[in-house]
Amino acid sequence: MEYLLDGGQMKAVDRYNIEELGIPSLVLMERAALAVSGEAVRMTPPGGKVLALCGTGNNGADGLAAARHLHLKGFQVQAVLVGKWEKATEENRLQQRILEKLGVPVGTGDGILEYDRAKGYDLILDGIFGVGLSRPVEGTAAAWIRAVCRAAESGTKVLSLDIPSGVYAGGGASDPAVRAHETVTFGYGKLGMALYPGASYCGTIVTADIGFAPPPWMSGTGERLVRSFRRGEPGLLPFRPADGHKGTFGRVLVAAGSPGMCGAAYFSAMAACRMGAGLVQVLTVRENIPVLQTLLPEAVLSVCRVEDGKLAPGMEEQIGELCRRADVLAAGPGLSREPYARELLSLLLKERKDREIPAVLDADALNIMAEDRDLLEDLGPRVIVTPHMGEMARLTGIGTALLKSRPLEAAREFRERYGAVCVLKDARTAVASERGLYLNRGGTDGMGTGGSGDVLSGILAGFLAGGLTPAQAAESGVYLHGLAGEWAAGKYGRRAMTARDLLEGIGPVLMEWENSREEQHGDI
């Protein structure tokens, strides 16, 4: 995994390396400039025209140093200082002097600029603002950013240094902000580049190792540190003994589906089967049994008997027996909010708590708990809740716009209040657990389709059945879910893919992870 840092954390890394370890800032700057110039050479025709827009801080100094390297490689370079010269840092002024001695003048970006000022360039280096930006962009800088955006629309390539100017390192973006074709970020990923809307401004992201040593405070998970799987990194898999059997690999009880909502039960249960659960038992209403017997013969089916809108006599004993035999509970997909569903969920949660069964609670289970808040008090650390933004709004009373602007904080606050592992689903899914904060960067907009969340609940249940902790299951589960979505989008297209295609993608992703683990001498 890797860390995603906000502006304050990144500045602390910088201070630790320069002030405590004694690494000269110019050494780090030179390595950053070399990384940027290497990407610029790849993006620009030989001898092409490059416009380097540089702020007065050290991010701008990185840009000036990169401009020098490109000049020495034979490119036609024009450097422009965006900001007041008297505010320039010492390193920035040094880089300016070096450029001028090499015959590369550094112009000034004062005044209102027109599009034609950015015309005619093959590449624009964006080094106006770095990770320290925390205010809206205004004045000359805003005019330059708009000019860059217009140039990009006309075909000029844009390469941002560390972070696109106007994007906040901790999340969010100013208006305007640079839309880069590529961003070379230094040392660590930036949280604001992973979250939306910032993620939509970055283009391809290249993380350059410029020699940062991690400070001691980065050695643990830490509740304020955000982790994420690296692209191509295998997730954590449960250990599967060669002499195991269906009892070894866990029994999942899926309580899901209602009249007209058979698909939710199918997707959740089938995903648990695909994840390698030893046995999956589905508790659902009678209307769904014939369809599930056809679609999912691998599962054991139990009828949730309903009379006059309530659970039929004897169901309490049946539920107790099902929970006694279960290793994991997954409840909620398509369950409805009818009176019998409320009774059913209440009984399941009581049995889960009494028997300390790990559980995944999704969809209507969350909607019922939002209306009967006493049920929330008994969640605890062995429970994973998987709300989307609308469900989270009902659970917390916080509007979706605010939740989307601070998903990690919202997930952490829910975790602190109720003890459960919180998987807050969105384009970037946030996970809060005792391991700290995790942000999932995988997936595709094609996953915004009915049944996708039901598949996730089954994936998580399957991981729990295999023996992962709820925190481990949540992180690896949402990662696998996103990769399965990418696989499906690659095969069927983002618009055409369905939840069934997500199920189909689970196998290839697991196989890739398994092969990687074998190369590393076995499962974890």
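Modeller: Before we start, two strands count as paired if DSSP finds at least two bridges between them. Strands here are DSSP runs (E, at least two residues), as helices are (H or I, at least four), numbered from the N terminus. This is a predicted model, where local features need pLDDT of at least 70, side-chain atom pairs count only at pLDDT 80 or more, and totals for chains, interfaces and linings use all residues. Residues are numbered from 1 along each chain as its sequence is written, and side-chain values use heavy atoms, leaving out hydrogens and water.

Colleague: Thanks! How many bridges join β19 to β20?

Modeller: Three, and the strands run antiparallel. V423 has V431 as its bridge partner in β20, and a hairpin of four residues links β19 to β20.

Colleague: And which residue in β21 partners S433?

Modeller: That's G436. β20 and β21 (residues 436–440) are antiparallel too, with five bridges.

Colleague: Are the faces of β20 covered or open?

Modeller: Both are covered: T429, V431 and S433 on one side, A430 and A432 on the other, are all buried. Buried means under 20% relative accessible area, with a 1.4 Å probe and protein chains only.

Colleague: New topic: where is Q9?

Modeller: Q9 sits in helix α1 (residues 7–20). Q9 is buried, at 13% relative accessible area.

Colleague: What does Q9 touch?

Modeller: Leaving out residues up to four places away in sequence, Q9 touches L4, W217, R224 and L225. Contact means heavy atoms within 4.5 Å.

Notes. Buried < 20%, exposed > 50% of the residue type's maximum accessible area, 1.4 Å probe, protein only.
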